[in-house]
Amino acid sequence: SPLLELREVSFGYDRDKEVLHRLSMTVNRGEMLAIAGRNGAGKSTVSKLICGFYRPSSGTILLNGRDISRDTIKERAEKIGFVTQNPNHMISKTLIYDEIALGLKLRGIPEDIIRGRVYEVLKVCGLHELREWPVSALSYGQKKRVTIASILVLEPEVIILDEPTAGQDYRHYNEIMEFLRGLNSRGITVIMITHDMHLMLEYAQRTIVLADGKKLADDRPERILTDRAVVERANLKETSLFT
Ligand code: ADP
Ligand code: MG
Ligand code: MG
């Protein structure tokens, strides 16, 4: 069975305006998946439903074949990591070590176990040398990695990133994407919400395109990107960095 599955999910923020209409989609274990679609298509809404910020008005969400539609955000966070578009601790004076350790502290895990897990994640994320630095001292790309590290330390099976490369320069774009590819090769399933065709071609095995809360296309990126009608409806972009 797939890692994650949405079955006929409908949802609206307001009673009279449905945003997702009987949307079905799967996420396979171990893949790097892109979710695309123009502004307002429902991409962020899908990720919020998966993470449990909202519940479907009908339909079900399954994780490893089990219906998680009624599980709390906290229960789902054990398995599903969510990296929002704009990390909210950009100016924090908190030390990187403490920032990454916070989620484990809140779970009441003993200090010595926390230390081992944080050190491992610091190494994986290339942040070990920076562990005593305040978050505010880092570059944007490094901050983004701290955000990802603070999710990874919780050992999720799947990580969802809302526009992971938006607003990045060339170096940080590559730094973040190569890093995500490395995580994926270690077995973590990666879902990336993006408009970026280069990212899809280079890093995603599959792209799901949403339009008006429905699935418009679901295929290999190189096939999606040769369908001009889909590219236009989804408002996909060349990376300005590479043009
Ligand atoms: P995307 O991430 O693809 O740009 P969203 O999932 O953010 O799209 O939005 C889908 C639709 O839901 C849009 O019409 C948007 O205006 C609406 N929407 C998003 N968030 C809210 C909210 N908190 N309250 C009401 N409507 C919302
Ligand atoms: Mg949007
Ligand atoms: Mg969005």
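## Getting started

Two strands count as paired if DSSP finds at least two bridges between them. Strands here are DSSP runs of E with at least two residues, helices are runs of H or I with at least four residues, and both are numbered from the N terminus. In β9, for instance, Leu33 has Arg206 as its bridge partner.

This is a predicted model, in which local features need pLDDT of at least 70 and side-chain atom pairs count only at pLDDT 80 or more, while totals for chains, interfaces and linings use all residues. Residues are numbered from 1 along each chain as its sequence is written, chains are lettered from A and ligands numbered from 1 in the order in which they are written, and side-chain values use heavy atoms, with hydrogens and water left out.

## The sheet

Let us begin with the sheet. An open sheet with mixed pairing is formed by 6 strands, in the order β6-β7-β8-β3-β9-β10. At its edges are β6 (80-83) and β10, each of which pairs on one side only. On average, and ignoring direction, neighbouring strands are turned by 20° against each other; angles run from 0 to 180 degrees between N-to-C directions, and axes are lines fitted to C-alpha atoms, for helices over the stretch in contact.

Helix α5 touches β6 and β7 (158-162), and its direction makes about 160° with that of β6. Helix α6 touches β3, β7 and β8 (189-193), and its direction makes about 150° with that of β8.

## A closer look at β9

How many residues of strand β9 (residues 206-211) are buried? The count is 6 of the 6, so β9 is largely enclosed by the rest of the structure; buried means under 20% relative accessible area, exposed over 50%, and partly exposed in between, with a 1.4 Å probe and protein chains only. Arg206, Ile208 and Leu210 point one way from β9, while Thr207, Val209 and Ala211 point the other way.

On one hand, β9 pairs with strand β3 (residues 32-36) in the parallel sense over 4 bridges, and Ile35 stands opposite Ile208. With strand β10 (residues 214-219), β9 pairs in the antiparallel sense over 5 bridges, and Thr207 stands opposite Asp219. β9 and β10 form a hairpin with 2 residues between them, and Asp212 in the turn has a positive phi of about 50°.

## How the helices meet

Helix α5 (residues 140-152) and helix α6 (residues 170-185) pack at an angle of about 20°, with their axes 9 Å apart. They are therefore roughly parallel to each other, a term for angles under 35 degrees; over 145 counts as roughly antiparallel, 65 to 115 as roughly perpendicular and the rest as oblique. Their contact includes Ile148 and Leu152 of α5 and Phe179 and Leu183 of α6.

The axes of helix α3 (residues 96-106) and helix α4 (residues 111-124) come within 10 Å and cross at roughly 125°, so α3 and α4 are oblique to each other. Among the residues that meet here are Ile100 and Leu104 in α3 and Ile114 and Val118 in α4.

Definitions and conventions:
Contact = heavy atoms within 4.5 Å.
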